[in-house]
Structures are given as C-alpha cells and as structure tokens.
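Me: I've got a model open and I'd like to learn how to read its features. Could you walk me through it?

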Amino acid sequence: MKKSLILLSCVILMAGFAGCAPREEVKQEENQTPNYAIVNDYENYKEDVEPLVPLNYFGKISLNEDKEYVTSGEKSLKLYPSSDPTQSNLSAPEFRQPLNQAAKELDLSDIRQVSKFTCSVYNTSEKDISMYVSVDFDGGSTFSREFVLKNGWNTVSYSVDPQIIGISYDVSACKGLLFGFDKPQDGEVPTIYMDELAVYKTQEPYTELDLALDDGEIISFDKLYQEYVLYPNTTYAEFAPQLSINSSAAYAKIGYSLKVDLVPNDGTYPAGNYIYTGFTISGDYIGRTNFKDYEDDDIFTFSVYNAGKTQQRLFLEMFTQKNSTYYKKTDIYVKPGEWYTFEATIAELNAQKVNGIKSNGTGDAGSIYFSYELNTLTEAKTLYFDDFKIIKAGE
Ligand SMILES: [Ca+2]
C-alpha cells in the first residue's frame, strides 16, 4: 500500500488524527447538528456487513458482539486482514465501505458537502499498526492517507476536500471509502474492530475549483491543485514511481516542476520479462484544460530532465476521454544531465491511426501516461517534468 504518500504533505488534504482524543465530548457537540449522519454502525450482518467489498484477498470480515469492542449500539465490525500469503504479488488487503447502501435506503454517495468521515477503531495488537483510508470512484481512488493505530481505541478523523477531489473525480457519485492495512509481517495478523462510521457535512454550497490556467498552459506544476491530478501506476506497488513537486529552480523550466523518483527493480522481476510502470496526468483534468480548442498547426510541448547517471527511455501515451489511445511515442530517450523537449503539432498528435481509424484525439483529449521499463531499471533515478503547454502557430 504505497500509493505515493508523499503527495499528502500538502495541508489542503491533511487529515486530523485525534489519536485517543476525548471521543465523548466530540460526540455530544457534533451529534446534534443536522450535518452528521451515521454511515454504518455495524449492527446487522445482512445490512451492514454483507455489502462490504473485500479486495486483494482481504481475510475475514465479520460482525462482533463482544461489548468490549463496541462504542455505539450493540455490535461492531471485526476485521482480520490476513491477506493471502500464497499470493505474494497481491497489493495489501483492503475493503470498500459503499456509501450508497440500498438495503438501508441510505445514499451518501454525493460527497460534495462532506468535510470529514470519522470512526472508532480498536487495535488489539500491542504494536502500532497502519490503516490507510481513501475515497473510491469509478475512475480510481484518491491517494490513501495513513493513520497509525495505537493499541486500544483510536478515533480516526478523515478530512476530505471535495473541491480538490472534484478536479479528477465525479464527487457526486462516490463509490465508497477504502480501508486498507499492511500485508501481515511474519504471519502476525492483527485483529481490528471498527464502529460508528460517521460523516460530517457542511452547509457550504459546492463550487468547482477554478483551474485558472495561463494562456496555452496544460500543466506547469506551479499551481497548488496540480499535484492532485497526478497518479503513479501502482500495479507493481513496491516499485511505483514516487511523485512530488520540486521547487528547486535548477530542475524546473519555469516555477516548480514535477519530480519523479523511479524505484529500481531490485531483482524481483527478471531482466527478460518486460514490465512497465509509470504515472498519469488525470484525464478529467486534461479535459478541463483548453487542449481541445487548438488548431492543427499549434504545437504541444513539454520538457523532461534526467538527473540520473544513465540515459532513460520513456514511453508517452495519450488517451481520449473514453480511454482509447490516440498518440503513442516509444522512442523518447533522455540523456543524463540534460533537458529533453518534446514538440509535436496538434495535427501530428492526431495523425496516428488507432484501430485503423484516424482519430481526432486532441478534440477529446484525456489522460497522458508516461511509462518506462521496470525490469531493466537497475538504478534509482530522478526525472523532472515541466512546462506542458501549447504554443500557438507563429508565436
Ligand atoms: Ca455499533
């Protein structure tokens, strides 16, 4: 579960983690507001536990009746995130708590007014364990945030910023909350209890975030929200590239740039076995730039710097909003210590045939994916990307 936690450093999305804060006081204050709702009190197997979706061979999820592990009502949720030790390549165990719960006629999937989710979690282990929380949508999930659970009861408070999430996802249709745990170490599986999952809302009307791009800008990494539209490929979770924003002018074209730390293959993947990983600039975000409005002669450009010791080959793939590839370039070779600047006219981007059909890809421009061979990457390497923009013809 290494979904680039680096990106969480920004205060906008930071969680408040109350540890063992005085829960009773908080409840009395906020329970009375109309903006509080119980998502799940884990009281009834059929309605409260059965709809949960275990992922990555989670382990066991059941209903607990032992009062010692209940903070509200009569029962709570019992979790045993054993994963499946025979499936070594699996991501860490997690489960999804749906927000649209048909059995209870409770639909909380519109999170536009949500300010935070809270729950009580009991860790039976003497050791601290980590729980990872994120919100899940049709197009993927947000970066997970880590909560360290002490032995005994913990209050978890997971703040969300729908405006920021709304740049990349449809915040009116959230599939649910994802709760994840590390894979068990040395066969030690902690038993965890969860109760009283609640949501707090605001009365603030929801407005989409003003993207306010500069003329021709696709992404410059200079605006605070832009770090939230980048996603590492987590297929090979331990080797996912680490994304962060660089503020050193030495590695930027203008302002800030995107820093991508490539995590080398430590021998886990054999050299001849071609596998790729990389990162994405969100399609929802690209769709909200002016990409589609440019003319055939206008030039799309970006720059990438290789701070490593050896040349780095990159693959660029551009997708439509419907996720079909319209442009692919597989021979981007970035020399060490140099900037490589990509340039192609809009016409060139749209000239390739996809499934035999010449596309108008930029007219429906979606995500942009950069990838590289993981199997042959033996050196930790840092790349910097910057200044994705359109230069109008003749300028
Ligand atoms: Ca309960």
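Predicted model: local features only at pLDDT ≥ 70, side-chain atom pairs only at ≥ 80, totals over all residues.

Me: Which residues is Val-121 in contact with, leaving aside its neighbours within four places in sequence?

Reply: Val-121 is in contact with Met-131, Leu-149, Asn-154, Val-156, Ile-192 and Met-194.

Me: How do I read a nonpolar core, and how many residues does the largest one have?

Reply: In soluble globular proteins, nonpolar side chains tend to be buried together. A core here is a set of buried Ala, Val, Leu, Ile, Met, Phe, Trp, Tyr and Cys residues joined through C-beta atoms within 7 Å. Buried means 20 or more other C-beta atoms within 10 Å of the residue's own, exposed means 12 or fewer, and partly exposed is in between, with C-beta atoms placed from the backbone. The largest core has 88 residues, and Val-121, Met-131, Val-133, Met-194 and Val-304 have the most contacts inside it. This core takes at least three residues from each of domain 1 (5-201) and domain 2 (217-391), with bounds from an automatic or database domain assignment.

Me: And strands? Which ones are joined to S28 by bridges?

Reply: Strands (E, at least two residues) are DSSP runs, numbered from the N terminus, and two strands pair if DSSP finds at least two bridges between them. S28 (residues 381-391) runs antiparallel to S16 (residues 217-219), with two bridges, to S19 (residues 257-262), with five, and to S21, with seven. Ile-219 has Phe-388 in S28 as its bridge partner, while Lys-259 stands opposite Tyr-384. S28 is mostly covered: nine of its eleven residues are buried.

Me: Let's zoom in on Thr-301. Where does it lie, and is it buried or partly exposed?

Reply: Thr-301 lies in strand S21 (residues 299-306). Thr-301 is partly exposed because 15 other C-beta atoms lie within 10 Å. Across in S28, Thr-301 stands opposite Lys-389. Leaving aside neighbours within four places in sequence, Thr-301 is in contact with Thr-341, Phe-342, Glu-343, Lys-389 and Ile-391. The C-alpha atoms of Thr-301 and Asp-386 are separated by 9.6 Å, although the two residues are 85 residues apart along the chain.

Definitions and conventions:
Residues numbered from 1 in each chain as written. Helix = DSSP H or I, 4+ residues; strand = E, 2+ residues; numbered from the N terminus. Contact = placed C-beta atoms within 7 Å.
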